Amino acid sequence: MGVMSKEQSQLLSKIATGNGHGEDSPYFDGWKAYDENPYHPTNNPHGVIQMGLAENQLTADLVEEWVMSNPEASICTPEGVTDFKAIANFQDYHGLPEFRKGVAKFMAKSRGNRVKFEAERIVMSGGATGAHEVTTFCLADPGDAFLVPTPYYPGFDRDLRWRTGVQLVPVTCESSNNFKLTKQALEDAYDKARQDNIRVKGLLITNPSNPLGTILDRATLRTIVKFINDKRIHLVCDEIYAATVFSHPGFISIAEILEEETDMECDRDLVHIVYSLSKDMGFPGFRVGIIYSYNDKVVQCARKMSSFGLVSSQTQHLLASMLNDDEFVGRFLAESAKRLGERYRVFTKGLGQVGIKCLPSNAGLFLWMDLRRLLKKATFEAEMELWQVIIHEVKINVSPGASFHCSEPGWFRVCYANMDDEAVKVSLQRIHTFVLKNKDVVVPDKKRCWQDSLRLSLIKNRRFDDIIMSPHSPIPHSPLVNATN
Amino acid sequence: MGHQRLLSKIATNDKHGENSPYFDGWKAYDRNPFHPTNNPQGVIQMGLAENQLCFDLIEEWIRNNSKASICTPEGVHLFRDIANFQDYHGLPQFRKGVANFMSKARGGRVKYDPERILMSGGATGANELIMFCLADPADAFMVPTPYYPAFVRDLGWRTGVQLVPVHCDSSNNFKITREALEEAYREAKQNNINVKGLIITNPSNPLGTTLDKETLKSLVRFINEKNIHLVCDEIYAATVFTTPRFVSISEVMLEMECKKELIHIIYSLSKDMGLPGFRVGIVYSYNDDVVSCGRKMSSFGLVSSQTQHFLASLLSDEDFIDRYLEISKRRLAKRHSFFTKGLETVNITCLPSNSGLFCWMNLRRLLKEKTFEGEMKLWRVIINEVKLNVSPGSSFNCSEPGWFRVCFANMDDETVEVALKRIRAFVGRETNNGKRVELKRWKSINTNKLRLSFNSRRFDENVMSPHSPMPHSPLVRAT
């Protein structure tokens, strides 16, 4: 797609002609390299390995086994087709009651049943993408702002801002304290917004964090709750990675804070949770976005808005069965955490062997890799250079910290749950090879010299074109990274 | 701080449209839904434009095509790939299948390019998406009356786009005239409203008529001259059951000079295939930039990959589709004929129609006062006395009182009979010797039963939107 002519651009809306879709970010350049040369264990063993995609492919076998044992869950099996008509015709924006019940139960179970969720507050949306947009439409007017701690998921720029006209104000978190969210940082960001005459309507946190893979501790959650109540702004908690927590410390949901921290004043009308099955269950294709608000009016409004992105009744029906199967859900959650934990250990160990550290984490589908010592200079330009090397030399698509609005250069998010064990081995081998080959470069002091082979022309931000997928949309014909037997 | 300021303006205005009296009939239905055996005196739902006539065909196909599902032994090997597939381009086979189906529903007279097929959250999402692409807040789209009530929400709620009505009336069977277009456009201009386009529904909801080629050409000329967009909601394309045959905007484009970049089609499988639950909304634009932008926006409402996969199979089965379209057409024609003839026995006429899932019933002669108040009064009686949920013309922004949309494809034959019986009883008394009844003017009898408050009640949580029956309400069918 070329640059639009002036006449063309006046023909369309401002939203259409701007770049609020966020796809011009260099975040997407790595995708192109992957798409042009995707790794395949037998067909293309030297291709680019996709590690920029936060997908959970570790538990597909469990789901497949369940599906085979529960044919009536589908309206397209001989056992289930008698439900076809009623389900295909069902477009009620309340959703199938059993579906909502199943989601509420799943959410509770993935929080160790420490809290309960009311099925009546479960509102559907078009994936978490749609959930964030709907929530923003309900809470903020064009020009209003949401505070967002950095580093954060690049898709927020589109989901919260593009069609809503809402802005994002970053709350800077730094590596000096492991990117903890501090009261000071919140206050600073809020004050600055006020000085700039920006009306702050809320704070958006992602817990567990993408890209950090860490969870918020109780003290931080309390600080946050106190902050939003003092300022009388909304708190939106994206808990999309809730069930990816694989080791201590345990996950603490905002729901638990509301229930347990009764010494704190908290206006529940300010608290909302965004959820999805895309990460916890590995079903991004099913577009199951959930909004759970403690504010009745938001529930009502979001429900009306859900007409723009309801979950397919066919999918609701399948998931209603699956999520109400308590035995399966219990087993799934336990096994999923176990496998994620194993994968984390294997990968961090492998990286550790060549001196690459990651932010200590216990959740998510990725690691926040510290490659600051590999930077020529502590600049974002240098980060981009390093990134191009990783893509083109090491042949791994990872995501540079800049695309997550990280305030410090040198951090990279690398996803490890979207591939099989073999591919993990290959990627670790490549990283080992790269680091060892360039071990002159990996020096703790400031003097570095790049060898000719590493000197690359800095690649300017290329304009996103149709071939490149959004961060969560692989090209249909690209083979998924898994070994075939 | 009260709730008012806590939420957004969008959240606290009523452009979601659910305060319209359109929804009051639903409440009556929900409280007392008809069931042939359990509740034969209940309210029959005739306010819902659903197509339930051909499920048997699809169910049969499902039984013979187990690979189409990712949940069968034959299909489960694809489960993980499909569950993981979130590419906003959509499954190529799905897009191809939709393009193919759209073409077949137009008798193969036009071809559609799968690369231009965009997904959205039902037609609801599609209509909103196209507005986000084409218009800024406060811009306007012209829309001929009477029109689908939810356009207020779909086109304007979150987009900030306004609707400018183009008045059509019964004097010429609600045709869209050049004069009406010019007048609406002129008035908008005078009021400093920036008109960005015209949206038409063809076949029409609620009229059930299709636009003739001349009218379509005149619309294209109009939008070309004004350099504004033309959005054609062709969601009822395959419900055309008799002549004149359907003429799509795509066909007209082949026959005349026009700026393709101004033309966009909205489609869905909710009406033609009776699958509203699957949320298959489609935007098809002849404008490359709109395709590109629209595709990015589709992230907010993609079709479930499970559903895409199933439909890719179904829609690629050429023989099945040919047979389906043929049989669907026949059954709709039969139902339409049966219903309209039944109405005629009591001198109730409908606008002559050839498509859609409803009739546009003319009850003007039953109005005590030829006003919208009179229409509302009559409507309350129809709901509460005759026990039919039909939709009053005013909810479609009709400029003349007395018209009602009554849906006939969401029920079985027996229920249609019951509905007709009730209408016949209401309109007149049958004499013993079966003499043709004389049309009685409706007299307002001031009994308690009939005195109703009819201020627009605030929509509350229990009432469904127009396309959302309560989960526990039985669908209207004989068991």
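Two residues are in contact when heavy atoms of theirs lie within 4.5 Å. Keep that in mind for what follows, starting with Asn354(B). Leaving out residues up to four places away in sequence, Asn354(B) touches Gly208(B), Thr209(B), Thr210(B), Thr239(B), Val240(B), Phe241(B), Thr242(B), Thr243(B) and Pro244(B).

Some ground rules come next. This is a predicted model, where local features need pLDDT of at least 70 and side-chain atom pairs count only at pLDDT 80 or more, while totals for chains, interfaces and linings use all residues. Residues are numbered from 1 along each chain as its sequence is written, chains are lettered from A and ligands numbered from 1 in the order in which they are written, and side-chain values use heavy atoms, with hydrogens and water left out.

**The two chains**

Let's take the chains side by side. Helices (DSSP runs of H or I, at least four residues) and strands (runs of E, at least two) are numbered from the N terminus. A residue is buried under 20% relative accessible area, exposed over 50% and partly exposed in between, using a 1.4 Å probe and protein chains only.

What about contacts along the sequence? In chain A, take the contacts between residues at least 6 apart in sequence: 75% of them join residues at least 24 apart. In chain B, 76% of the contacts with a separation of 6 or more are between residues 24 or more positions apart.

**Two asparagines in chain B**

Back to Asn354(B), which sits in the loop between strand 9 (349-350) and strand 10 (358-362) of chain B. With a relative accessible area of 4%, Asn354(B) is buried. A polar contact is a pair of N or O atoms within 3.5 Å; within protein, one must be able to donate a hydrogen and the other to accept it, and residues adjacent in sequence count only if both atoms are side-chain atoms. The side chains of Asn354(B) and Ser355(B) make such a contact, at 3.4 Å.

Asn84(B) belongs to helix 5 (residues 79-84) of chain B. Its relative accessible area is 3%, so Asn84(B) is buried. Which side chain does Asn84(B) meet in a polar contact of 2.8 Å? The partner is Glu55(A), on the other chain's side of the pair.

**A glycine in chain A**

Gly285(A) also touches Asn84(B), along with Ile82(B), Ala83(B), Phe85(B), Gln86(B), Val303(B), Ser304(B) and Ser305(B), again not counting residues up to four places away in sequence. You'll find Gly285(A) in the loop between strand 7 (271-276) and strand 8 (288-293) of chain A. Is Gly285(A) buried or exposed? Its relative accessibility is 1%, so Gly285(A) counts as buried. From C-alpha to C-alpha, Gly285(A) and Tyr34(A) are 20 Å apart in space and 251 residues apart in sequence.

**A pair of helices in chain B**

Two packed helices are described by the angle between their axes and the distance between the axes. The axes here are lines fitted to C-alpha atoms, for helices over the stretch in contact, and angles run from 0 to 180 degrees between N-to-C directions. Helix 3 (residues 24-31) and helix 15 (residues 372-386), both of chain B, pack at an angle of about 10° with their axes 10 Å apart. That makes helix 3 of chain B roughly parallel to helix 15 of chain B, a label for angles under 35 degrees. Helix 3 of chain B brings Asp24(B), Gly25(B) and Ala28(B) to the contact, and helix 15 of chain B brings Trp379(B), Arg380(B) and Ile383(B).

The peptide bond from Asn207(A) to Pro208(A) is cis, with omega near 5°. Pro208(A) lies in the loop between strand 5 (200-206) and helix 10 (218-231) of chain A. Chain B has a cis peptide bond from Asn202(B) to Pro203(B), with omega near 0°. Pro203(B) is in the loop between strand 5 (195-201) and helix 10 (213-226) of chain B.

Phe179(A) is not a glycine, yet its phi is positive, about 60°. Phe179(A) is buried, at a relative accessible area of 5%.

Definitions and conventions. Parallel < 35°, antiparallel > 145°, perpendicular 65-115°, else oblique.
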